[in-house]
Amino acid sequence: MKAAVVLLPGLNRDRDMIAALTRINGAAPQTIWQTETEIADDIDLIVIPGGFSYGDYLRCGAIAARMPVIRAVAEKAARGVRVIGVCNGFQILLEAGLLPGALMRNASLKFVCREIKLEVGNAETVFTSGYAKGQVIRCPVAHHDGNYFTDPETLKSIEDNGQVAFRYAEGTNPNGSLNDIAGIVNKAGNVLGLMPHPENLIEAAHGGIDGRALFESALGAAA
Amino acid sequence: MTIPNTFPITEDLIASHGLKPDEYQRILDLIGREPSFTELGIFSAMWNEHCSYKSSKKWLRTLPTTGPRVIQGPGENAGVVDIGDGDCVVFKMESHNHPSYIEPYQGAATGVGGILRDVFTMGARPIAAMNALRFGAPDHAKTRHLVAGVVAGVGGYGNSFGVPTVGGEVEFDARYNGNCLVNAFAAGLAKSDAIFLSEAKGVGLPVVYLGAKTGRDGVGGATMASAEFDESIEEKRPTVQVGDPFTEKCLLEACLELMQTGAVIAIQDMGAAGLTCSAVEMGAKGDLGIELDLDKVPVREANMSAYEMMLSESQERMLMVLDPSREDEAKAIFVKWGLDFAIVGHTTDDLRFRVLHQGEEVANLPIKDLGDQAPEYDRPWREPGRFSPLPASDVAEPEDYGAALLTLVGSANNCSRRWVWEQYDTLIQGNSLQLPGGDAGVVRVEGHDTKALAFSSDVTPRYVEADPFEGGKQAVAECWRNLTATGAEPLASTDNLNFGNPERPEIMGQLVKAIEGIGEACRALDFPIVSGNVSLYNETNGEGILPTPTIGGVGLIPDWTQMARIGTGNPGDSVILIGRDGSHLGQSIYMRDCLDRAEGPPPEVDLLEERRNGDFVRSVIRNGQATACHDLSSGGLALALAEMAMASDHGMDIDLSACQGPSHALLFGEDQARYVITVPADLANYVMVSAEGAGVPFRQLGTVSGASLKIGSLFDIAVSRLRDSHESWFPAFMDGTLAPAAE
């Protein structure tokens, strides 16, 4: 499978993501710069990494979501191409309307970087098939605005549809997210957004490989 | 509209620029006429303490700055040290004390931004940051506000820029009530054959302005940072710059991209004294003149005067001398990253610094006298007094040893700093091997299978206050020891010397003796100083800070799979003390926090012993024999054991009956050159025989076992209870829910 990483000024976990995808996929992902309006047809997985796109000066992800490259990502997503947004990437997917809800400032009002526990909420998505439902994994977080919020109807629908891919587990919710939501997929199941950083837990040097199965699933099982 | 450059040069105006009458006379002698208003500003910017090191230069020259691995010592934006395989580490530490006290968030943020820029100006990609922070007493009215603002500022900039913060210090003392300290360290990786310097070369070449636009923020910042504080401090807020980490991240990427093309001849970031300092340094170092046309400078605001443009400390800006044939290529890179790119002048052969604005020459000064030939003082200094020895028998034992340890573990100065470092991104870049909370931060070297770098920042200000010479030595030794405790070979260091007003002989005496001690230790440990910064005038209403010469060190780990951490001992392992039994209680935190006494001399540092014991510990780690290692410092053996127990979540059963001396000295003595290691039981004898053979003192103390820290019949405390005490102080303090009794 071929992967691509979206590059926007201010993103800063792009190198982490490129390193992780390279290690897992055996080939470096293609990179797509902010001004590009078309994404090659042979790309099977598009990843928007973490960081502070455009400084996050207006609202996290708000400026990025209006860039041409994100419109191109949305078109691909509509055609079923897999898309993962991590941290700022998740915020961008929400701002772009590819996923429901919003991420507010952490309940602590502080940036938080620590390891938390994640429970796999749905192991039947293309991103989580390498895990078992209910499995608890380790994963680091590093963000200032990861407090997931949405209206009650949307919350009910994403819960009922099995769209909650990951939940903070064992009392480790670091940001006050509703229902401990850490990551969600869209209704079609081909777009995943999550706040934690699985790309920072994929090799021995990271002290664990719990994040690996996510990328292996996303890259492996596709036709 | 023409913006005036003519103000009468009065005595008040000269004094408000921080220039002394004799310095002004020197200006008159140099240029043979009265300076223009802009010229006065330029002199003020270049000759202040912050930029000229005029009080410290004589003494800084005595420091060892060379070594087989040193590629670039002090004098450039950062020091450069060879780490083999064609790679080098580029690093420096710099203070942002004055601005952080006035405006904590932006002061700290731009301190981080400034040091990152210093590193990537040299062509290095930043890979690690640290911050040594010092605040007033916890119960002082401003302390919480400063802690919250500074920590958020450090995180706000570093997290957004994308560098992991892997270490640092946070300390409280009433002597910092009026002046907090923010010392920011950054390190980057570069190729040894692709280091960029600030020395301009070639006449008639374009001088290019890069990065963010120039605004009115930070005008006169460097001069402000070279003065004491008084009641008028709130009026100084406009001298603090405002940071934009997004632009800095773009500037990093654009600079590294441009450097790869080979178009850059010289480059200098605009830090203190902005455009003035960067242009003068590039010209003076290269024995060239510089002519600047301010009408070409990208500005954020209309109607800025020449004076404001020359003294603005707007952030995220660079000045560069460019190969003219590559101009279009260079410009395209900066346009891609959305940054300003403007040719604002050129190099000349007349050694003059000329500034044009609106068709008028607003400054024409001799560039060498502004830069590398700025004034230098040999200020009078007084030999500091010394404390007479304080035997342990003159220090009361605690009634309850367990209670004493819990007090220390949960005290303001020794409790967990988790509240602080969880606000820093410690993991970004995916190379962090050891996070804050251990002896040193460790980061893997990208592109290598096994290599890693260790970073530590250290100083014990109460030791330096009691004896500046020994305290200076100890700061270096502790940094060297912390690196060694991970298995790293200490390579080189950077010094950030924070002191009070050098015009007072007793303060100057502290500075002189501390530098002497630092120099002696660096020579003995082959740990040269390759970069640094001096921050003087840390005084408010005549009271100076504790003398605080922070040492930031870098060490090399050839194989990170043979690296030690503090919390990785396994049940059944033997616990071994390397070094002498504890005996020295003078200036210990046991005396300070349990007895409220600050007496006696600090522990002496025997540098030969330091080296011998450290080399032994490093060999044990590299041979794969140590399962964990921790250096002994404040709080002595007791605190080190407690920290290892908390980090590993395993208890220890310790027996001190073979040790010599009273229990409180054994447990809380702060004697130097010591470590605790844990080794598998079947290797304990081998390690101890090796120690004996190496002439290294040791004690077998006990074993890793159970869930409590048990020291003979003195105490038996559950690790969970130690941890509750250790983790609770900081969050409670910041929430304002600290029980008064705990303070």
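Trainee: How many residues of strand β10 (residues 317-322) of chain B are buried?

Mentor: This is a predicted model. A residue counts as buried if 20 or more other C-beta atoms lie within 10 Å of its own. In β10 of chain B, six of the six residues are buried, so the strand is largely enclosed by the rest of the structure.

Trainee: Which residues of β10(B) lie on one side and which on the other?

Mentor: In a regular strand the side chains alternate between the two faces of the sheet. Here one side of β10(B) carries Arg317(B), Leu319(B) and Val321(B), and the other carries Met318(B), Met320(B) and Leu322(B). Both faces are covered.

Trainee: How many bridges join β7 (residues 206-211) of chain B to β10(B), and how many join β8 (residues 264-269) of chain B to β10(B)?

Mentor: Strand β7(B) has five bridges to β10(B) and runs antiparallel to it. Gly211(B) stands opposite Arg317(B) there. Strand β8(B) is also joined to β10(B) by five bridges, again antiparallel. In that pair, Ala266(B) has Val321(B) as its bridge partner.

Trainee: Now chain A. In what order do the nine strands of the open sheet stand?

Mentor: The order is β2-β1-β3-β4-β11-β10-β9-β6-β7 of chain A, with mixed pairing. At the edges are β2 (30-33) and β7 of chain A; each has a single partner strand, so one side of each is left without a neighbour in the sheet. From one strand to the next, the twist averages 25 degrees.

Trainee: What joins β1 of chain A to β2(A), and what packs on the sheet?

Mentor: Strands β1 (residues 3-7) and β2 of chain A run parallel and share four bridges. Within this pair, Val5(A) stands opposite Thr31(A). Helix α1(A) packs on the sheet and touches β1 and β3 (45-48) of chain A; its direction makes about 175 degrees with that of β1(A).

Trainee: How many residues of chain A are in contact with chain B?

Mentor: The contact takes 23 residues of chain A and 22 residues of chain B. On the chain A side, the elements that give two or more residues are α1 (14-25), β6 (112-120) and β7 (136-143). That side divides into 11 nonpolar, six polar and six charged residues.

Trainee: Into which domains is chain B divided?

Mentor: Domain 1 of chain B covers 11-370, and domain 2 covers 394-429 + 564-743. Their C-alpha centres lie 41 Å apart. Where they touch, domain 1 gives 19 residues and domain 2 gives 15. On the domain 1 side, α8 (143-161) and β5 (165-172) of chain B each give two or more residues. The largest share, nine residues, comes from α8(B).

Conventions. Residues numbered from 1 in each chain as written. Chains lettered and ligands numbered in written order. Predicted model: local features only at pLDDT ≥ 70, side-chain atom pairs only at ≥ 80, totals over all residues. Domains from an automatic or database assignment. Contact = placed C-beta atoms within 7 Å. Nonpolar A, V, L, I, M, F, W, Y, C, P; charged D, E, K, R; others polar. Pairing = 2+ DSSP bridges. Axes fitted to C-alpha atoms, helices over the stretch in contact; angles between N-to-C directions. Buried ≥ 20, exposed ≤ 12 C-beta atoms within 10 Å, placed from the backbone.
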